[in-house]
Number of protein chains: 2
Amino acid sequence: MATKPYKEFSPNWYTEESPKGSYRAIFKWGDPKAYKIPKENLYKMVKELFKMTDEDFVRQENELGLEKVEYNIPPTLSAAHIAALTAIVGEKNASQTDYDRLSVAYGQTMLDLMRMRKKIIENLPDIVLYPENKEQIIKIVDYCNANLIPLYVYGGGSSVTRGPECMKNGVSLDMRRNFNKVIEFNEKNQTITVQAGMMGPALEKILNNATTNELKAKQPYSCGHFPQSFEYSSVGGWVVTRGAGQNSTYYGKIEDIVLSQEYATPIGYIKTDNTPRKATGPDIDQIMMGSEGTFGILTHVTLRLFKWQPQNHVKYSYMFKTWDDAMNACREVMQGEFGMPSVFRVSDQEETQMMMRMYGITDSPLDKLLQFRGYKEMEKCLLLGFTDGEKKFGKNVAKNIGKIAHKHGGMSLTGVVTTSWEHGRFSDPYMRDNLQDFNIIIDTLECSVNWDNMEQVHLDVRKYCKSRPNTIVTTHISHMYPQGGNLYFIFITPEKDIAEFRKYHSGLLDAIQQSGAAISHHHGIGKFFAPWLEGFMGEKQYDIIKVLKQHFDPNGVMNPGGTLGFDLKPEEKHFKK
Amino acid sequence: MATKPYKEFSPNWYTEESPKGSYRAIFKWGDPKAYKIPKENLYKMVKELFKMTDEDFVRQENELGLEKVEYNIPPTLSAAHIAALTAIVGEKNASQTDYDRLSVAYGQTMLDLMRMRKKIIENLPDIVLYPENKEQIIKIVDYCNANLIPLYVYGGGSSVTRGPECMKNGVSLDMRRNFNKVIEFNEKNQTITVQAGMMGPALEKILNNATTNELKAKQPYSCGHFPQSFEYSSVGGWVVTRGAGQNSTYYGKIEDIVLSQEYATPIGYIKTDNTPRKATGPDIDQIMMGSEGTFGILTHVTLRLFKWQPQNHVKYSYMFKTWDDAMNACREVMQGEFGMPSVFRVSDQEETQMMMRMYGITDSPLDKLLQFRGYKEMEKCLLLGFTDGEKKFGKNVAKNIGKIAHKHGGMSLTGVVTTSWEHGRFSDPYMRDNLQDFNIIIDTLECSVNWDNMEQVHLDVRKYCKSRPNTIVTTHISHMYPQGGNLYFIFITPEKDIAEFRKYHSGLLDAIQQSGAAISHHHGIGKFFAPWLEGFMGEKQYDIIKVLKQHFDPNGVMNPGGTLGFDLKPEEKHFKK
C-alpha cells in the first residue's frame, strides 16, 4: 500500500490499525492494518476538480468510527426462540454481542459506510449463528419457517446491494467462521464441492496448492473467479448474486462456473443434478442462482475448475485516440472467434486520465510521446488485460487483439500498464476509507448493455452523473461479450449527507434504467436496487419470480424486507418512463 | 445417396418417390424423392448379426405406407370454435383435411413410424392453423385459454419425444408454412431475431448469404446449430427442447446461443431482455427454454450469430486401441484450455466397427495397417471431428488434439474419415426407412454423463441393450465438456411389434436412469420420456416446474397430455430403484 509522503502538504491520513471492537473495524475495507493513500498527483487532481484547498482536508474526527461498538437495542425474539436456535448450533456458535450483531447487518455500499460512520444502527439481527454443517442449516431453516422468524445470511460481507441487511431482525447466519470447508474434490470431472461460506482466497489457495495438500491432485487448479471484492467474498455470495470475476471474459460469470448446488429451503432440501448439460425442462440451477437468499439458504456448491497456469498470462495494453475507436476494437475482439482474453477492460476518457495519474504516467516521457502522436487528454482511452489458458492459445488471442487494436489506431503501451493495474486490483478499495475520512465518497454502479446502445448509455448516465457539480465519474467496460458488455461507473464526490447521497444514487439507477441497460450485470439486486427490478423485468416476468418465491417461502421468512422487491409497496417501485 | 447395386443378392429396396398424400409422405425422412440403402458390406454385417438370410429380406408391402391418408375421425371441437379459430388466421391458413391433421400429429421417433406404417391414427388435432404473425398467435392462445381448448405446436417435425402429439385433440399450430421470417438483423450486436417456425436450413442460407441478400451485412454469418435433424428442424423446436447441434462443443447448446425470446402465454405476452448477461434474479430465459410448449408458445427468438468461415475447418481423426484410451484422450482435450473443437465425437468399439464398414475401410489396406499396429476389431475406437473459428485458433486446437491423441496411443487417420462422416451426417437418417421396410428398426437414446461415470453408464446401458438378442448397439460420446459429455446410443434390431418395441425402449430409459445419467442431453422430454422426469429431478425440484406450469397455464391448455409429466398418474412414473 502507498505510504510515500507527499512533497508538499499532506493531509492527516488515518494510517493506524482499526481499534478492535470499533465501528471502523467493521466498515473499513479489508485488513485492519492496511490502508492506501492516493498518489500525490491524484490527490492534486481531486483537490483541483473539487475546488478544494489543503485546508479543506480536515479529518472528520467524530466519523472515523474509532469508538467501540455499543448500543442498547434489545432483541425482538423471545428467550425461548433464542434458546432453541442456540441449541441447534451450540453455545459457542451463537452470539448476541453488539459487535457481532452489527458486523453482519451491513455490507460495503457507501450507504452502509455512511451509516456506520454516523453510528446509525438499524436492521440488526437478534442473534448471529455460525453453523458448522448443512444439517444445522436445515434445522435452522425449519425452525425459522415454523416459527415465522426472519432468516438472513452473511457471506463474505462485500455486498453493495444491502443484500444481508436484516430489515425484519431475526436471525443472521454468518457463514464465514465454520461453514467453509471442502466437501469433495473430483479431479476426473475437474470439480470441487465446497460449503457456501468458503472465502475466495481460501478456495484459491487450496486449489493452487492442490498437488501438495490434502486434495492430492495431479496438477494445480484455479477457481477462475476473481471479483474486485475477492478478498472479502464467499463462494455462496458469488453464486446467489450471480457475480462475475474480473477474468470472466475467459472463465465466464459464476453461473457458467457453477455445476450444481444444494439449498435448504422452507419446503425442503434440494440438490441439483451435476451432469454437464441437459434437456430436462427448465434449468433449476438457473432458477436458484440470483435468488439471493429469498428461496432458501445455499449450502453446498460444486464448481467447475480450471488449470492454474499464471505463467501463460500474456499481458497487453493499448491506447486509442477516441472512445469510439476503443469500443469498436473491443467489439471486434469479442466477435473475433479466436478465443477470449481473460481480463479485458477499456476505460473511458475520464477514467483513462485518472489511471494515467495513478500509474504515474502523466507528465512522463511516455505521456509526451502519446501527446506527440495525437492521443489527447480527455479523449484517449486505455484498453488493458491479459490472457489465460494454454500458452499458444493465449499468444494467439493476444496477437489478434494487437492486430485489431492497430487497425483502430491503438498504440501498444506493452504489458507494464497491466502490471500497474494488477497491483491496484485488490488494493484500490482501501483508498476509499482514507478518502472518506475527509468526506470524499467513492461508489460504483454497473449495468449490462448491448453494443448498439453502449455509446448512448455512456452518454446518458454520465450526463446524469455530471449534473452534480464537483463529481468525478470514471467508466469502463469490462466483462465483455460478442453482444455487449458491462458498463461500470465509479463516482467520486465530496458528500457527507446521507439523504443527498441516496437521492443521487437513486437518480443514477433511474438514469441507467431509462437508458435501456439492464440494472445489474454482476452486483445483484439485494434491497438497494430492488425498487428498479420490476420496472426492468416488466410485470409479467416479475410475476414469475414472485410465484417462485411464494412456492419456496410461503411464510416469507427468507431474507425478507425488500430483497428482489418481493415485499415492496407499488409506490416504492421505479418504472421506465 | 447410395444407389450402387450390390454384387450379389440385392433386396427389393423401395426407391420410388413417396406417393403424394400417402402415409409414407408423412413418416419418411426428408426429401420425398431421396432414399439411402446401406453399403453392401454393412448389409452383410446386419444380415450376419441378425442371423437373417437374403430370403428374410421380404418387403412388408402392407406397411410401406403407400396408401393415401384417409380415416374417419370427426373433430371434437364445436363448429363455433372451428369458425372462431379459422377467423383468427383466415380461411387459407386453416385446415381440417385428413392429411394435414395427421401430418402434425406425430414426430420421428420409431413409435411414430411404426404407428403410421400400421395406420394407427390417434391423438389428432381437430384443426391445424398456420399463423402468419405473433398477433394471431396471441389471439389463438387467448381463445384456447378462454375456451379450454388444448393447444399444440408443430415446428420442424423431427421430435423423438412425442413432443407435438395432440393427446387431447384441439388445435395444432403448424409454424412451418407462414411463421418463418426474419424480424430483425443487428450486425453491431451480431444477432438475428426470427419467427419460431424458421427452419434450420433457411436460416443458415440467409446467414451464409448475408452480404448479398436483404440483410446487407458486412460479412457472412452462421447460426452454429446443426443437429442431425437440421434439415427438418425449426428454430423454435431447437429452443423449447434445449437442443444441441453436432458442432455444439464449439458453438454451445441452443441455450448458449439464444439471447432472448418472446412467448405468448395464457397469462400474457413476455419478451425477455436482450442484454448479454445480468444479475437480476433468476434467469427467465432459462426458465422458458425447456418448457416445450407447456408454458406458452414461443414466437420470436433472438440468436447470437457467428462468422461463417468453413474455410478454416481443420479436420482430424484418430484411432485408439481401447475405449478407455479414447475416453481419456477426450477428457484431456476438454480440460486442455486451448479452446474447443467444433465437432468432436468418439465412437465405442461397436460403432467404430460399423463406421469402418460404412466408410469402406474394413478390409482395405488401411484396415490391415491398423491390425498390424495392434488396433483390434471390436476393441479400437474412432475419434473424429473438425474445428471452427479463426484460422490459427483452429490450427492450435487441432494441434493440441493431435498431441493428446498420440499420448494416449491414438493413430491419425487424417481428415478423410471426417469427410466420410460429414457425407453421411445428414443423409444417414434416410437409411432408416429403407431398412424398416424390412422390419429392421433403428432408434436412438441419449443421456448426459460425468466423466467419472462414463464407463459405467456405457457398460450398464449396453448390458441392457444387449440383453435383447440380435441387436446392434453403437454408442458415441459427442457434445463434450470438461465435466463429461453426451453418451448417445443407437440400436438396430429386427422388430415389428409395437408393444415389444415400447417395452424395450422403456427398459432402456430405466437403464439410463438407474445408471445415474441425466435422461436427456438434447432431445428434450416431451411425452415419451416424461414418466422418467420426476424420478430424475426428485420430487422437490419437479415441484418447481409444476408451480411454473400452474402459473403460466392455470387451465392446462398448453400442450396437455403428459408433456414434461405434468398430468401423469403416480403409477405411470418411473423412479430410481
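## Domains of chain A

In this predicted model, the C-alpha centres of domain 1 and domain 3 of chain A are 43 Å apart. The domain assignment places domain 1 of chain A at residues 79–174 and domain 3 at residues 311–425. It also gives domain 2 (191–307) and domain 4 (529–577).

## Overall form of chain A

Chain A contains 21 helices and 18 strands. Its radius of gyration is 24 Å, close to the 25 Å that the globule rule gives for 577 residues, so chain A is as compact as a globular protein of that length. Along the principal axes, the C-alpha atoms of chain A fill a box of roughly 75 × 60 × 55 Å.

Of the 577 residues in chain A, 58% count as buried. Contacts within chain A can also be sorted by separation in sequence. Among those between residues at least 6 apart, 78% join residues at least 24 apart.

## A hairpin in chain B

In chain B, strand 5 (residues 182–186) pairs with strand 6 (residues 191–195) in the antiparallel sense, over 4 bridges. One of the residues involved is B:Asn186, whose bridge partner in strand 6 of chain B is B:Thr191. The hairpin formed by these strands has 4 residues between them, and B:Gln190 takes a positive phi near 55° there.

## Relation of the two chains

Chain B is superposed on chain A by a rotation of 180° with 0.0 Å of shift along the axis, and the RMSD is 0.0 Å. The two copies are therefore related as by a two-fold rotation axis. The same surface serves both copies, since 100% of the contact residues of chain B recur in chain A.

Terms used: Residues numbered from 1 in each chain as written. Chains lettered and ligands numbered in written order. Predicted model: local features only at pLDDT ≥ 70, side-chain atom pairs only at ≥ 80, totals over all residues. Least-squares fit on C-alpha atoms with pLDDT ≥ 70 in both. Contact = placed C-beta atoms within 7 Å. Domains from an automatic or database assignment. Pairing = 2+ DSSP bridges. Helix = DSSP H or I, 4+ residues; strand = E, 2+ residues; numbered from the N terminus. Rg over C-alpha atoms; globule rule 2.2 N^0.38 Å. Buried ≥ 20, exposed ≤ 12 C-beta atoms within 10 Å, placed from the backbone.
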